Amino acid sequence: MQEDGIYYPVISFEQETNYAIGKYGLIIGEYIMTHKRHEYITRINEINMRAEHMVLSKLLEEL
């Protein structure tokens, strides 16, 4: 519960997935890479930054 008395959900996303995305997932991915290149690059950069943040957080916890 936050200071304002409201419960906020804790949301987390898996960083890596080990499942097939399927035919339509591949089609959407290809469409985004070719027609919305900026959004694709932005998403990839966000994923990389989250991964780096997790590594740094673990290193700081060990100190």
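Biologist: What percentage of the residues in the protein is buried?

Modeller: Buried residues make up 0% of the 63 residues, where buried means under 20% relative accessible area, exposed over 50%, and partly exposed in between, with a 1.4 Å probe and protein chains only. This is a predicted model, in which local features need pLDDT of at least 70 and side-chain atom pairs count only at pLDDT 80 or more, while totals for chains, interfaces and linings use all residues. Residues are numbered from 1 along each chain as its sequence is written, and side-chain values use heavy atoms, with hydrogens and water left out.

Biologist: How many helices and strands are there?

Modeller: The protein has 2 helices and 0 strands, both being DSSP runs numbered from the N terminus (helices: H or I, at least four residues; strands: E, at least two).

Biologist: What makes the contact between Arg43 and Glu46 a salt bridge?

Modeller: The term requires a side-chain nitrogen of Lys or Arg within 4 Å of a carboxyl oxygen of Asp or Glu, and the N to O distance here is 3.8 Å, so the pair qualifies. The structure holds 1 salt bridge, and its two residues lie 3 apart in helix H2 (residues 37-62), about one turn of the helix.

Biologist: Why is Arg43 called partly exposed?

Modeller: Arg43 has a relative accessible area of 46%, and is therefore partly exposed; Glu46, at 31%, also counts as partly exposed.
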